[in-house]
Structure formats: structure tokens, C-alpha cells
Amino acid sequence: MEQLLQQIEQLKQEMNAATGSDSDAAEQFRIKYLGTKGIIKGLMGEMKNIPNDQKKNFGQVMNDLKQLAEEKWESLKGAAADAGASAGVDFDWTLPGAPVNVGGRHPISIVRNQIVSIFKRLGFAVAEGPEIEDDWHNFTALNMPENHTARDMQDTFYILQNPDWVLRTHTSSVQARVMEKQKPPIRIICPGRVYRNETISARAHCFFHQVEGLYIDEHVSFADLKQTLYFFVQEMFGKDVKIRFRPSYFPFTEPSAEMDISCTVCGGKGCSLCKHTGWVEILGCGMVHPKMLDNFGIDSSKYTGFAFGMGMERICQLKYRVNDLRLYSQNDVRFLDQFTGGV
Ligand SMILES: [Zn+2]
């Protein structure tokens, strides 16, 4: 017992002499004296060898020792924190905040917003619909019944067959849904993502974005169509841009046309973008087929309408000179960073 008490006295001196001003020193002190395999725990184990009449006394001595160790440990931790704070490693309240990385809009979103804002000024409302579409809205209602050759124009992702459910191949399905519910006048644009089963390359992708427009009312003529699109093109690409129409075929319009604009790079003189023709194609359009109107219970002897559709990626390509469709979905920050600030 005497020997033990001497040892404890020595330990107390050792502890009192312990110094250090970093968190390592405090931790080492804790492990050495207070840890589960530390000195104090070891001494506690001696209790069983102490004669019964001295156990109480020894317990008191050990408690004092443990209390001293804990106090010393606290003071070492305090010293470490003070040293850290004065050296600036803990936290410097005067440092400027970490910069918040503000993202930019995707180029497709920028173009979409521009298109929507131009047509909104002409009184067009935005309509949206599901991307998983049934056969009726995607094909049949749009003058493309089963086995119609027009269906061959689109390679389709079928989700289900009999009844057929597909990933919509165009946003015309949204027009179908609006005509189903709303009576003329109808004046909408339908921006959205569409899907085609195509091999991914610089010029084709399995999904892309369209904006379609539909205007149905009494006395809507091809002249209205031309003027609407001319206004759009001038707002989008500038006042100097010219337009021209070429006859074409779509199952849901008659007559149908494709519209070109004068090349935005060479101004019509001829360059690689316009394949030296001076013109670039940007959209398809036409007068809504009377059969379409009848399909939706709209009196085709009273109402007429026009429709048009364009690819947002195409508009984006002409506006920003993006020549690879894959860039839009690769999430490459080097590409996306170039559009920061666009709205
Ligand atoms: Zn050109």
C-alpha cells in the first residue's frame, strides 16, 4: 500500500508537469492516464489487493487522482484551442465566404425561353402534355392511322403494344390533347422533349426538343401563317433575315411547306453551313388538315388553322453554332459554361 501511494504521488507530479499546446498533446495525455488501458485504470485494478480496512482510503486517493487527471486534460484541451484560435487555424471570422457556384441555363432552355417569349407576345399560350403517349394522340388522331405509311417516317420507342403506348415522337400529341378539350379559338405553342429510335451521332439523337404551334379560328389563312413565322424569325435571328417556303408533305397539314431562312452566317452568299445555297431549313408548317379538325369535333367548314413545328436543337445550332447534337446531353461543363448568363 505504501508503495502504491508513493507511486500515485509521483504520478500526480508527472501530470502537473505535463505541458503542450496542441490537440495531439491533450489526446496523448488522455490515452496515457484516462484511456481504457491507461495508468489510472490499471491502478484501479489494484483495489482487489488492498486490505479491506484500507479500501475506502485507497478509493478516495484514486478518485482524487482521476479528478486531477481530468482537470489537467481539460486544461490541455483549452490550451490547444486557444493556441489554434490565435494561430488562425481554427477559424478566421474575417475570411471571405466560400464562393457559391451559380449555374447557368442549358442552351436548350435559353432557346426555349426565347421562343416562348416571342410567341407569347403574339398571344400564344404554352401547352404541355405527357411524354408517354397513347397511340390515338401520337398517331391516329393526327391523320396517321395504323399501317399509314407516315408512321414509317418515325422510328418509335414502344412502351407497350396492344394497346400501343409510345414515347411521343413529336409534340403534335399535345395539340391533339388541346383540340380534344378546347374549342376554337385555339392559339398555343407546345415546347417539349420527344423521342425517336435513332442511332446517336452528331446529327441524330434518341431524344430532342420540339416546339410546335397551332392556331385555329375563323378565317385563319396561309398569309397569317407566313406573317407569324416571319415575325418569329426576325425576332429570333434579326431584322435582315429573309424567309422562303418550299412545298412539302405532312399527314396533318394540307398544304404543307418547309420554311428556310437566309443563312445567318454568310447572309445568303453561300458557306459550309448552308451548303453554299444561302438558305437553311428551320421548320415545317402548313394549314391544318380538315380531317384533323373533324377528328376533334371542330367544324372544318367554319374553322381553319395553321400549325408549325421546329426542333429547338436546330434553332440553337443556328444561333450558337453548335454542330454536334451530343453536346447537349453530355453535361460537359466546358460546353455549358459558355452559356452562363443566358436567360
Ligand atoms: Zn451560309
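Glutamate 254 is partly exposed, because 15 other C-beta atoms lie within 10 Å, a count between the limits of 12 or fewer for exposed and 20 or more for buried. The model described here is predicted. Glutamate 254 belongs to strand S8, and UniProt, in an unreviewed entry, lists Glu254 under "binding site". Leaving aside neighbours within four places in sequence, glutamate 254 is in contact with Gly286, Met287 and His289.

Strand S8 pairs with strand S7 and with strand S9. The two pairings are set out below.

| Strand pair | Residues | Sense | Bridges |
|---|---|---|---|
| S7 and S8 | 243–250 and 253–262 | antiparallel | 7 bridges |
| S8 and S9 | 253–262 and 279–288 | antiparallel | 8 bridges |

S7 and S8 form a hairpin, with 2 residues between them. Within this pairing, proline 247 has alanine 257 of S8 as its bridge partner. On the side of S9, glycine 286 stands opposite serine 256. Glycine 286 is also one of the contacts of glutamate 254.

A second residue, threonine 156, lies in a loop, between helix H6 (135–138) and strand S3 (158–160). How many C-beta neighbours does threonine 156 have inside 10 Å? There are 17, so threonine 156 counts as partly exposed. Apart from residues up to four places away in sequence, threonine 156 touches Val166, Thr169 and Asn197. Threonine 156 and proline 51 are 105 residues apart along the chain, and their C-alpha atoms are separated by 92 Å.

Note on methods
Residues numbered from 1 in each chain as written. Predicted model: local features only at pLDDT ≥ 70, side-chain atom pairs only at ≥ 80, totals over all residues. Pairing = 2+ DSSP bridges. Helix = DSSP H or I, 4+ residues; strand = E, 2+ residues; numbered from the N terminus. UniProt positions renumbered as here; feature names shortened; annotations may be inferred. Contact = placed C-beta atoms within 7 Å.
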